[in-house]
Amino acid sequence: MTMDDPLMSARARVLHDLHASGNDDPRAVSILEDAVSERRWWVSEWPEGAAYVAGQIAQDVQDALLDSVGRWPLCRACDEVEPHELRINPELGPDPRWVCERSGMAVAPLGEL
Ligand SMILES: [Zn+2]
C-alpha cells in the first residue's frame, strides 16, 4: 500500500473505520471500491481535490450504506441513547473528522475510529 496515493490512503482510512465497527463485510468493501474508482475520476478532473478526497469517499460510503445496511458509523461517544450517526466534518476540506451529529462532539479523525 502506498500512502502517497491519496485514493489508496483514503481507501485504507475508510476500511479501517468499517472494520472498527464490524461493518467490513464484502458488500461494504465493494461499496468502498466503487467509491474509490468513482473518485479517481473526480481527482483526475480536479487535482486540488486530492486533499479532500478521503472525506468525500467516507461520505460516499456512508450514503451508500444508508441505502443498504443503514446508518454508519453509529455514535458511541455521547450520552444520547437513540441511535444516531457520525458525520464527516468538514464536508469538503482537509483533515476530515467524524463528528457526532447530535452533540457536535469531535469523535475521531477519519481512519481512527
Ligand atoms: Zn453522539
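This report describes a zinc site, a helix and several salt bridges in a predicted model.

**Zinc site**

The zinc ion is held by four side-chain atoms: SG of Cys75, SG of Cys78, NE2 of His84 and SG of Cys100, at 2.1 to 2.3 Å. Angles among the four donor atoms run from 99 to 117°, and the site is tetrahedral. For comparison, the ideal angle for four tetrahedral donors is 109.5 degrees. Along the sequence the donor residues follow the spacing C-x2-C-x5-H-x15-C. Cysteine 75 sits in the loop between H3 and strand S1 (86-89), while cysteine 100 belongs to strand S2; the two are 25 residues apart, and the pair links distant parts of the chain. Cysteine 75 is buried, with a relative accessible area of 12%, and cysteine 100 is buried at 2%.

**Helix H1 and its surroundings**

Helix H1 covers residues 6-20, 15 residues in total, and spans 21 Å from its first C-alpha to its last, close to the 21 Å expected at 1.5 Å a residue. After H1 comes glycine 22, which has a positive phi near 75°.

The buried residues of H1 are Leu7, Ser9, Ala10, Ala12, Val14, Asp17 and Leu18. Their cover includes H2, helix H3 (53-68), strand S2 (97-100) and strand S3 (106-109).

Arginine 40 lies in helix H2 (residues 26-45). Apart from its neighbours within four places in sequence, arginine 40 is in contact with Asp5, Leu7 and Met8. Arginine 40 counts as partly exposed because its relative accessibility is 37%.

**Salt bridges**

The structure holds eight salt bridges. Three of them are listed here.

| Glutamate 33 | Arginine 11 | 2.6 Å |

Glutamate 33 is partly exposed, at 32% relative accessible area.

Glutamate 85 and arginine 71 are both in the loop between H3 and S1, 14 residues apart. Glutamate 85 counts as buried because its relative accessibility is 6%. Its two partners in the table are partly exposed: arginine 71 at 46% and arginine 87 at 41%. A network of salt bridges links Arg71, Glu85, Arg87 and Glu101.

Conventions. Residues are numbered from 1 along each chain as its sequence is written. This is a predicted model: local features need pLDDT of at least 70, side-chain atom pairs count only at pLDDT 80 or more; totals for chains, interfaces and linings use all residues. Side-chain values use heavy atoms; hydrogens and water are left out. Helices (H or I, at least four residues) and strands (E, at least two) are DSSP runs, numbered from the N terminus. Buried means under 20% relative accessible area, exposed over 50%, partly exposed in between (1.4 Å probe, protein chains only). Contact means heavy atoms within 4.5 Å. The expected span of a helix is 1.5 Å times one less than its number of residues. Donors are N, O and S atoms within 2.8 Å of the metal (3.2 Å for Na, K and Ca); water is not among the atoms, so sites may look incomplete. Four donors count as tetrahedral if all angles lie between 85 and 135 degrees; four count as square planar and six as octahedral if opposite donors are over 155 degrees apart and all others between 65 and 115; anything else is irregular. A salt bridge is a side-chain nitrogen of Lys or Arg within 4 Å of a carboxyl oxygen of Asp or Glu.
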